[in-house]
Every structure is written in structure tokens, then in C-alpha cells.
Amino acid sequence: MDILLVTIRLFLVGIFSLAGIGKLLDLKGSKKAVEGFGVHESISKPFAVLLPVLEIAIAILLLPVQASWYGAVGGGVLMLIFVGGMLWQMWQGNAPDCHCFGQIHSEPVSKKSLLRNAAFVLLAFFLVFQGRENQGYDLFDPANNFSETNVMQIIIGI
């Protein structure tokens with residue numbers, strides 16, 4: 001189970017890092033996207049900066065096992081907000097650009113983007129429901145010996 005938990009953590013680290021960095025690389029597009037979701041123009045610029053910083057902070061929190069539960073809570077709540085915003089826009093008949101991964105990848109809100117984000121919510125809350133003390137291997141503990149060979153052996157089961 002520990003390898004599953006650390007794999008989920010690392011996957012979410014990648015997702016939140018990619019999303020945050022992608023948005024920071026395209027702040028103009030991020031501002032336009034948050035406005036497309038209804039954030040007033042007067043606060044859209046700070047919001048467009050705060051969102052990717054928050055995503056990167058969540059990614060960082062998911063790395064150390066001692067903080068990963070908090071990162072999972074933050075990530076799950078943030079993804080729930082995204083899902084809610086998407087559902088609202090779809091219900092209104094709108095399909096604003098999600099700008100989910102900023103400059104790296106962007107697409108209009110759709111069932112596909114909704115399902116993708118819902119899957120991320122499930123992964124984050126899977127970690128949350130494991131409890132603070134059960135977040136998988138500690139990546140920074142030298143006793144775990146996370147060499148490339150050991151990680152591959154764990155993953156493929158040899």
C-alpha cells in the first residue's frame with residue numbers, strides 16, 4: 001500500500017506542478033481564463049497569480065510525508081472548486097477555456113476536462129482518507145533507499 005500512496009502523491013505533485021508552472025508562464029491567458037469563469041476583472045490579475053502559486057504550494061506539500069496529508073486536503077478542495085466551476089459553466093451553457101495547464105495545455109471546459117478533474121479529486125481524497133500517519137513512503141528518508149533500481153523493482157514487482 002505504501003508504494004501506491006507514494007505513487008499517487010508523486011502523480012499529484014506532477015499534476016499540480018505542471019498546472020502551476022504552466023499558468024505562471026502565461027499570466028495573460030490565466031487572467032483571461034479566470035475572467036471566463038466569472039472572476040471580476042478588478043481582482044482577476046491577483047487571482048491569476050495566486051492560483052498557480054497555490055498549485056505549486058500544494059505540490060510542494062505533497063512531497064514530504066509529514067505534510068502530504070495537508071497537501072492532499074488542499075489539492076482535493078481546490079480540485080472540487082474547479083469541478084464546481086466547470087459544472088456551473090456547463091449548466092449555464094458556457095464552455096470557457098479551462099487553461100488547466102496554462103501555456104502547456106488548455107481546452108474549453110467539457111465532459112473530458114470535468115472527468116479528468118474529478119479523477120484528481122478522487123486521488124487527493126483517497127490520500128486524505130488514509131489519514132495523516134498513512135501517506136506512504138517518506139521520500140526523504142535515506143532508510144527507504146529510493147534508488148532508481150529499487151523504485152523500478154518495487155513498481156514492476158521483482
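## Basis

This is a predicted model, in which local features need pLDDT of at least 70 and side-chain atom pairs count only at pLDDT 80 or more, while totals for chains, interfaces and linings use all residues. Residues are numbered from 1 along each chain as its sequence is written, and side-chain values use heavy atoms, with hydrogens and water left out.

## Fold and packing

The chain has 6 helices and 0 strands, where helices are DSSP runs of H or I with at least four residues and strands are runs of E with at least two. The C-alpha trace spans about 50 × 25 × 25 Å along its principal axes.

Of the 158 residues, 37% are buried, meaning under 20% relative accessible area with a 1.4 Å probe and protein chains only. Among contacts (heavy atoms within 4.5 Å) with a separation of 6 or more, 70% link residues 24 or more positions apart.

## Cavity

The structure holds 1 cavity of 30 Å³ or more, a cavity being a set of points on a 1 Å grid over the protein atoms alone where a 1.4 Å probe fits but cannot get out. The volume of the largest cavity is about 80 Å³, taken as the space filled by probe spheres set on the points.

Lining residues, which have an atom within 4 Å of a point, include Phe-16, Glu-55, Met-79, Cys-100 and Asn-117. Two or more of the lining residues come from each of α1 (2-24), α4 (65-91) and α5 (111-130). The largest share, 4 residues, belongs to α1.

Definitions and conventions. Buried < 20%, exposed > 50% of the residue type's maximum accessible area, 1.4 Å probe, protein only. 1 Å grid on protein atoms, 1.4 Å probe; cavity = no way out; pocket = protein on both sides within 12 Å on 5 of 7 lines; lining within 4 Å.
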